[in-house]
Amino acid sequence: MIADESVELKLPNSLAALTQLHTIVGQFCQRRAIHPDTEFKIDLALEEVFTNIVRHGYDDSHPHEIMIRLRSNRDRIRISVEDDGRHFNPLLAPALDVTAALAERRVGGLGIHLVRHLMDQLRYQRRPDGNRLILIKRLRKEEKRT
Amino acid sequence: MTVREGKIDSFALVEVTGRVNSENSETLKDFLQELGKREQQVLIDCSALEYISSSGLGALLMLLKLIQNKGGILRLFSLSPRIAEVFEISGFDKFFPIFSSLEAARRADT
(Lines give C-alpha, C1' and ligand atoms only; values in the text may rest on other atoms or scores of the structure.)
Protein backbone atom coordinates (compact mmCIF):
# COMPACT_ATOMS: atom_id res chain seq x y z
CA MET A 1 0.00 0.00 0.00
CA ILE A 2 1.20 3.50 -0.79
CA ALA A 3 1.40 5.56 2.38
CA ASP A 4 -0.67 8.66 2.85
CA GLU A 5 1.17 11.64 1.55
CA SER A 6 1.10 15.32 2.32
CA VAL A 7 2.72 18.38 0.83
CA GLU A 8 2.83 21.83 2.31
CA LEU A 9 3.75 25.04 0.55
CA LYS A 10 3.73 28.72 1.30
CA LEU A 11 3.08 31.03 -1.62
CA PRO A 12 3.23 34.80 -1.84
CA ASN A 13 -0.04 36.62 -2.54
CA SER A 14 0.85 37.10 -6.17
CA LEU A 15 -0.67 35.61 -9.31
CA ALA A 16 2.88 34.95 -10.48
CA ALA A 17 2.88 32.07 -7.95
CA LEU A 18 0.25 30.21 -9.99
CA THR A 19 2.92 28.50 -12.09
CA GLN A 20 4.55 27.07 -8.97
CA LEU A 21 1.16 26.01 -7.63
CA HIS A 22 0.35 24.22 -10.88
CA THR A 23 3.73 22.46 -10.85
CA ILE A 24 3.36 21.25 -7.26
CA VAL A 25 -0.19 20.01 -7.84
CA GLY A 26 0.98 18.18 -10.98
CA GLN A 27 3.87 16.49 -9.18
CA PHE A 28 1.67 15.52 -6.26
CA CYS A 29 -1.00 14.01 -8.50
CA GLN A 30 1.52 12.14 -10.61
CA ARG A 31 3.17 10.56 -7.56
CA ARG A 32 -0.24 9.40 -6.40
CA ALA A 33 -1.27 8.23 -9.89
CA ILE A 34 -4.28 10.52 -9.74
CA HIS A 35 -6.31 10.45 -12.94
CA PRO A 36 -5.50 13.45 -15.20
CA ASP A 37 -9.20 14.48 -15.23
CA THR A 38 -9.14 14.72 -11.44
CA GLU A 39 -5.81 16.55 -11.50
CA PHE A 40 -7.33 19.08 -13.93
CA LYS A 41 -10.24 19.73 -11.55
CA ILE A 42 -7.98 20.12 -8.51
CA ASP A 43 -5.68 22.44 -10.44
CA LEU A 44 -8.59 24.61 -11.58
CA ALA A 45 -10.36 24.74 -8.22
CA LEU A 46 -7.13 25.66 -6.45
CA GLU A 47 -6.38 28.43 -8.94
CA GLU A 48 -9.84 29.92 -8.43
CA VAL A 49 -9.49 29.88 -4.64
CA PHE A 50 -5.94 31.27 -4.74
CA THR A 51 -6.84 34.00 -7.25
CA ASN A 52 -9.83 35.11 -5.17
CA ILE A 53 -7.59 35.51 -2.13
CA VAL A 54 -4.91 37.43 -4.05
CA ARG A 55 -7.40 39.75 -5.75
CA HIS A 56 -9.92 40.34 -2.97
CA GLY A 57 -8.46 39.15 0.31
CA TYR A 58 -6.25 42.02 1.41
CA ASP A 59 -6.82 45.62 2.35
CA ASP A 60 -3.14 46.53 2.16
CA SER A 61 -0.38 46.17 -0.39
CA HIS A 62 2.02 44.32 1.91
CA PRO A 63 3.33 40.88 1.04
CA HIS A 64 1.37 38.01 2.60
CA GLU A 65 1.74 34.26 2.64
CA ILE A 66 -0.90 31.79 1.60
CA MET A 67 -0.44 28.31 3.05
CA ILE A 68 -1.57 25.33 1.01
CA ARG A 69 -1.57 21.75 2.24
CA LEU A 70 -2.34 18.79 0.02
CA ARG A 71 -3.04 15.46 1.66
CA SER A 72 -4.25 12.27 0.12
CA ASN A 73 -5.19 8.79 1.18
CA ARG A 74 -6.75 5.93 -0.75
CA ASP A 75 -10.13 7.57 -1.08
CA ARG A 76 -9.71 11.28 -1.35
CA ILE A 77 -7.54 14.34 -1.61
CA ARG A 78 -7.92 17.01 1.02
CA ILE A 79 -6.64 20.50 0.29
CA SER A 80 -6.43 23.20 2.89
CA VAL A 81 -5.90 26.85 1.94
CA GLU A 82 -5.12 29.30 4.72
CA ASP A 83 -4.73 33.04 4.38
CA ASP A 84 -4.42 36.00 6.72
CA GLY A 85 -6.72 38.21 4.70
CA ARG A 86 -10.04 39.73 5.62
CA HIS A 87 -12.68 37.28 6.79
CA PHE A 88 -14.66 35.90 3.90
CA ASN A 89 -16.71 32.75 3.70
CA PRO A 90 -17.03 31.89 0.00
CA LEU A 91 -19.64 29.25 0.81
CA LEU A 92 -22.05 32.03 1.74
CA ALA A 93 -21.63 33.75 -1.62
CA PRO A 94 -24.90 33.73 -3.57
CA ALA A 95 -25.21 30.98 -6.12
CA LEU A 96 -24.45 31.98 -9.68
CA ASP A 97 -27.48 32.01 -11.97
CA VAL A 98 -26.18 29.98 -14.90
CA THR A 99 -29.55 30.36 -16.64
CA ALA A 100 -29.22 34.16 -16.83
CA ALA A 101 -29.29 35.73 -20.28
CA LEU A 102 -25.99 36.65 -21.93
CA ALA A 103 -26.43 40.37 -21.25
CA GLU A 104 -26.78 39.68 -17.52
CA ARG A 105 -23.89 37.23 -17.24
CA ARG A 106 -20.87 38.55 -15.38
CA VAL A 107 -17.60 36.86 -14.55
CA GLY A 108 -17.84 37.74 -10.85
CA GLY A 109 -18.82 34.66 -8.86
CA LEU A 110 -17.89 32.27 -11.64
CA GLY A 111 -14.72 31.14 -9.84
CA ILE A 112 -16.45 29.93 -6.68
CA HIS A 113 -19.22 28.44 -8.82
CA LEU A 114 -16.60 26.31 -10.58
CA VAL A 115 -14.99 25.32 -7.26
CA ARG A 116 -18.37 24.16 -5.89
CA HIS A 117 -18.95 21.97 -8.91
CA LEU A 118 -15.45 20.61 -9.34
CA MET A 119 -14.98 19.53 -5.72
CA ASP A 120 -17.04 17.05 -3.72
CA GLN A 121 -17.04 18.91 -0.44
CA LEU A 122 -16.05 22.36 0.83
CA ARG A 123 -15.67 23.54 4.40
CA TYR A 124 -14.90 27.01 5.66
CA GLN A 125 -13.25 27.80 8.98
CA ARG A 126 -12.90 31.32 10.25
CA ARG A 127 -9.58 31.73 12.03
CA PRO A 128 -8.67 34.57 14.38
CA ASP A 129 -6.22 35.96 11.84
CA GLY A 130 -7.83 34.90 8.58
CA ASN A 131 -9.54 32.08 6.74
CA ARG A 132 -9.17 28.38 6.09
CA LEU A 133 -10.97 26.72 3.21
CA ILE A 134 -10.94 22.92 2.96
CA LEU A 135 -11.54 21.30 -0.41
CA ILE A 136 -12.22 17.58 -0.65
CA LYS A 137 -12.05 15.59 -3.86
CA ARG A 138 -12.99 11.92 -3.77
CA LEU A 139 -10.84 9.69 -5.93
CA ARG A 140 -12.36 7.59 -8.64
CA LYS A 141 -12.27 3.81 -8.17
CA GLU A 142 -9.70 3.21 -10.88
CA GLU A 143 -7.19 5.56 -9.27
CA LYS A 144 -7.38 4.15 -5.76
CA ARG A 145 -4.20 2.31 -4.89
CA THR A 146 -4.18 -0.96 -2.95
CA MET B 1 -0.43 30.40 -23.58
CA THR B 2 -0.05 31.50 -27.17
CA VAL B 3 -2.56 33.24 -29.41
CA ARG B 4 -2.25 33.20 -33.19
CA GLU B 5 -4.49 34.79 -35.76
CA GLY B 6 -5.11 33.80 -39.36
CA LYS B 7 -7.85 33.99 -41.92
CA ILE B 8 -10.15 31.40 -43.49
CA ASP B 9 -12.98 32.35 -45.86
CA SER B 10 -14.52 35.47 -44.35
CA PHE B 11 -13.57 34.44 -40.81
CA ALA B 12 -10.76 35.57 -38.57
CA LEU B 13 -9.31 32.30 -37.30
CA VAL B 14 -7.81 32.49 -33.81
CA GLU B 15 -5.88 29.65 -32.21
CA VAL B 16 -5.48 29.74 -28.43
CA THR B 17 -3.06 27.14 -27.08
CA GLY B 18 -1.73 26.04 -23.71
CA ARG B 19 -2.96 27.27 -20.36
CA VAL B 20 -5.11 30.35 -19.86
CA ASN B 21 -5.05 31.29 -16.19
CA SER B 22 -5.62 34.40 -14.13
CA GLU B 23 -1.98 35.41 -14.54
CA ASN B 24 -2.05 35.60 -18.34
CA SER B 25 -5.74 36.11 -19.13
CA GLU B 26 -5.32 39.89 -19.38
CA THR B 27 -3.08 39.34 -22.40
CA LEU B 28 -5.81 37.24 -24.02
CA LYS B 29 -8.45 39.80 -23.07
CA ASP B 30 -6.50 42.66 -24.63
CA PHE B 31 -6.03 40.66 -27.84
CA LEU B 32 -9.69 39.63 -28.06
CA GLN B 33 -10.89 43.15 -27.32
CA GLU B 34 -8.92 44.54 -30.23
CA LEU B 35 -10.07 41.62 -32.43
CA GLY B 36 -13.70 42.08 -31.44
CA LYS B 37 -13.63 45.73 -32.45
CA ARG B 38 -12.36 45.10 -35.97
CA GLU B 39 -13.79 41.69 -36.91
CA GLN B 40 -17.33 40.61 -37.65
CA GLN B 41 -16.87 36.84 -37.98
CA VAL B 42 -14.53 34.89 -35.72
CA LEU B 43 -13.67 31.21 -35.30
CA ILE B 44 -11.65 30.10 -32.28
CA ASP B 45 -9.58 26.92 -32.49
CA CYS B 46 -9.47 25.31 -29.04
CA SER B 47 -7.81 22.04 -30.12
CA ALA B 48 -4.58 22.86 -28.27
CA LEU B 49 -6.21 24.69 -25.37
CA GLU B 50 -5.18 22.64 -22.33
CA TYR B 51 -6.69 24.64 -19.53
CA ILE B 52 -8.89 27.67 -18.91
CA SER B 53 -10.02 29.25 -15.65
CA SER B 54 -12.80 31.75 -14.97
CA SER B 55 -10.67 34.73 -15.96
CA GLY B 56 -10.09 33.23 -19.42
CA LEU B 57 -13.80 32.46 -19.72
CA GLY B 58 -14.41 36.11 -18.89
CA ALA B 59 -12.22 37.19 -21.81
CA LEU B 60 -14.22 34.98 -24.18
CA LEU B 61 -17.49 36.28 -22.77
CA MET B 62 -16.36 39.83 -23.43
CA LEU B 63 -15.54 38.94 -27.05
CA LEU B 64 -18.91 37.23 -27.51
CA LYS B 65 -20.75 40.34 -26.33
CA LEU B 66 -18.68 42.58 -28.61
CA ILE B 67 -19.37 40.37 -31.64
CA GLN B 68 -23.05 39.77 -30.92
CA ASN B 69 -23.71 43.46 -30.31
CA LYS B 70 -22.86 44.11 -33.92
CA GLY B 71 -24.68 41.07 -35.27
CA GLY B 72 -21.51 39.11 -35.98
CA ILE B 73 -20.58 35.45 -35.62
CA LEU B 74 -18.34 33.82 -33.01
CA ARG B 75 -17.85 30.06 -33.04
CA LEU B 76 -15.57 27.79 -31.03
CA PHE B 77 -14.37 24.40 -32.21
CA SER B 78 -12.41 21.32 -31.13
CA LEU B 79 -12.76 21.70 -27.36
CA SER B 80 -11.26 18.86 -25.35
CA PRO B 81 -13.73 17.04 -23.06
CA ARG B 82 -12.19 18.75 -20.02
CA ILE B 83 -12.59 22.24 -21.48
CA ALA B 84 -16.09 21.38 -22.69
CA GLU B 85 -17.02 20.39 -19.14
CA VAL B 86 -15.81 23.75 -17.81
CA PHE B 87 -18.07 25.46 -20.37
CA GLU B 88 -21.01 23.28 -19.30
CA ILE B 89 -20.52 23.91 -15.59
CA SER B 90 -20.31 27.65 -16.30
CA GLY B 91 -23.44 27.60 -18.44
CA PHE B 92 -21.36 29.06 -21.27
CA ASP B 93 -22.25 26.20 -23.60
CA LYS B 94 -25.64 27.89 -24.04
CA PHE B 95 -24.06 31.12 -25.28
CA PHE B 96 -21.21 29.91 -27.45
CA PRO B 97 -21.89 27.93 -30.60
CA ILE B 98 -19.47 25.00 -30.20
CA PHE B 99 -18.45 22.72 -33.07
CA SER B 100 -16.46 19.52 -33.33
CA SER B 101 -14.08 20.69 -36.05
CA LEU B 102 -12.96 23.62 -38.16
CA GLU B 103 -14.93 22.25 -41.09
CA ALA B 104 -18.11 22.00 -39.04
CA ALA B 105 -17.64 25.53 -37.70
CA ARG B 106 -16.98 27.24 -41.03
CA ARG B 107 -19.82 25.43 -42.83
CA ALA B 108 -22.40 25.78 -40.04
CA ASP B 109 -24.63 28.08 -42.04
CA THR B 110 -24.26 26.57 -45.49
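Figure 1. Glu103(B) is partly exposed, with a relative accessible area of 36% (buried means under 20%, exposed over 50%, and partly exposed in between, with a 1.4 Å probe and protein chains only). The side chains of the two residues meet in a salt bridge of 2.9 Å, N to O; a salt bridge requires a side-chain nitrogen of Lys or Arg within 4 Å of a carboxyl oxygen of Asp or Glu. The model is predicted: local features need pLDDT of at least 70, side-chain atom pairs count only at pLDDT 80 or more, and totals for chains, interfaces and linings use all residues. Residues are numbered from 1 along each chain as its sequence is written, chains are lettered from A and ligands numbered from 1 in the order in which they are written, and side-chain values use heavy atoms, with hydrogens and water left out.

Figure 2. Arg69(A) and Glu8(A) form a salt bridge, with the closest N and O atoms 3.1 Å apart. Arg69(A) lies in strand 2 (residues 65-72) and Glu8(A) in strand 1 (residues 5-12), 61 residues apart; helices (H or I, at least four residues) and strands (E, at least two) are DSSP runs, numbered from the N terminus. Arg69(A) is partly exposed at 29%, and Glu8(A) is exposed at 54%. A salt bridge of 4.0 Å, N to O, also joins the side chains of Lys10(A) and Glu65(A). Lys10(A) is in strand 1 and Glu65(A) in strand 2, so this pair ties together parts that are 55 residues apart in sequence.

**Figure 3. The interface of chain A and chain B.** The contact (heavy atoms within 4.5 Å) takes 30 residues from chain A and 26 residues from chain B. The two chains bury about 2300 Å² between them, 60% of it on carbon and sulfur atoms; buried area is the accessible area (1.4 Å probe) that two parts lose on being put together, summed over both. In chain A, Phe40(A), Leu102(A) and Arg105(A) lose the most area to chain B, together 29% of what that side buries.

**Figure 4. Salt bridges across the interface.** Three salt bridges are counted between chain A and chain B. Arg19(B) forms a salt bridge with Asp43(A), the closest N and O atoms being 3.1 Å apart. Helix 1 (18-31), helix 2 (36-56) and helix 3 (110-118) of chain A each give two or more residues to the side that touches chain B. Helix 2 gives the most, with 10 residues.
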